[in-house]
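Please walk me through this protein chain in plain terms. I would like to know how it is laid out and what its side chains do along the way.

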Amino acid sequence: MRTMRHEPKLARERLMQGLALACLLVMGGFLLAGPSGLIAWSENQQMLEQRRTEIARLTFERDALRNRVNLLDPRHADPDLAGELLRSDLNVAHPDEMVMLLH
């Protein structure tokens with residue numbers, strides 16, 4: 001009769017061990033293939049580097065535009081830039097001028 005009493009306890013232990021093993025396997029799966037897992041780590045690093053490059057490019061472009069805006073300040077506009085913009089916007093140039101578009 002003692003064996004009968006131990007069987008439910010043994011079955012419960014096996015069930016708990018099986019559940020613990022299943023939880024560990026699920027956590028291991030997330031460690032490898034989850035959104036922040038080992039497989040996604042290199043992809044995330046590559047995306048981070050791309051975004052840093054994009055930020056550097058946009059910062060350079062913003063600084064160039066800020067400089068151009070400062071040169072066109074109505075209180076003290078740069079005459080060369082103002083003349084260049086007027087000629088390019090109005091499509092007017094002297095016959096001896098050569099217009100070079102810088103983009």
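**Salt bridges and the helices that carry them**

Glu-61 and Arg-57 join their side chains in a salt bridge, at 3.1 Å from N to O. Because Glu-61 and Arg-57 lie four residues apart in helix H2, about one helical turn separates them. An α-helix has 3.6 residues a turn, so residues three or four places apart point the same way. Glu-61 counts as partly exposed, at 39% relative accessibility, and Arg-57 also counts as partly exposed, at 42%.

Arg-57 has a further partner in Glu-54, with 2.6 Å between the closest N and O atoms of that salt bridge. Glu-54 and Arg-57 are three residues apart in helix H2, and so are separated by about one helical turn. The relative accessible area of Glu-54 is 35%, which makes Glu-54 partly exposed. Taken together, Glu-54, Arg-57 and Glu-61 are linked in a network of salt bridges.

The count of salt bridges comes to five. One of them pairs Asp-73 with Arg-75, whose closest N and O atoms are 3.0 Å apart. Side chains of opposite charge can pair when their charged atoms come close.

Now for the chain as a whole. The protein chain has three helices and zero strands, and its pattern along the sequence is α-α-α. Its radius of gyration is 35 Å, well over the 13 Å that the globule rule gives for 103 residues, so the protein chain is more spread out than a compact globule. The C-alpha trace spans about 115 × 30 × 20 Å along its principal axes. Of the 103 residues, 6% are buried. The accessible surface of the protein chain is about 10,000 Å², and carbon and sulfur atoms account for 64% of that area.

Part of the surface is a nonpolar patch made of Leu-31, Leu-32, Leu-38 and Ile-39, which together have about 430 Å² of accessible area. Helix H1 (2-33) and helix H2 (38-71) each contribute at least two residues to this patch. Leu-38 belongs to helix H2 and counts as exposed, because its relative accessibility is 56% and the cut-off for exposed is over 50%.

Further along helix H2 is Leu-65. Its relative accessible area is 49%, so Leu-65 is partly exposed. The C-alpha atoms of Leu-65 and Asn-44 are 31 Å from each other, with the two residues 21 apart along the chain.

Helix H3 (residues 79-90) has 12 residues, and the distance from its first C-alpha to its last is 16 Å, close to the 16 Å expected at 1.5 Å a residue. Just after H3 comes Asn-91, with a positive phi of about 55 degrees.

The average pLDDT of the protein chain is 84, and 92% of the residues score at least 70. Confidence is highest in H2, at a mean of 92, and lowest in H3, at 80. Where pLDDT is low, the predicted coordinates should not be read in detail.

How values were computed:
Residues are numbered from 1 along each chain as its sequence is written. Side-chain values use heavy atoms; hydrogens and water are left out. The expected span of a helix is 1.5 Å times one less than its number of residues. Patches are made of residues with over 30% relative accessible area and no salt bridge: like charges are joined within 9 Å, nonpolar side chains (Val, Leu, Ile, Met, Phe, Trp, Tyr) within 5 Å. Accessible areas come from the Shrake-Rupley method with a 1.4 Å probe; for residues, only the protein chains shown count as cover. A salt bridge is a side-chain nitrogen of Lys or Arg within 4 Å of a carboxyl oxygen of Asp or Glu. Buried means under 20% relative accessible area, exposed over 50%, partly exposed in between (1.4 Å probe, protein chains only). The radius of gyration is taken over C-alpha atoms; the globule rule is 2.2 Å times the number of residues to the power 0.38. pLDDT is the predictor's confidence in each residue, from 0 to 100.
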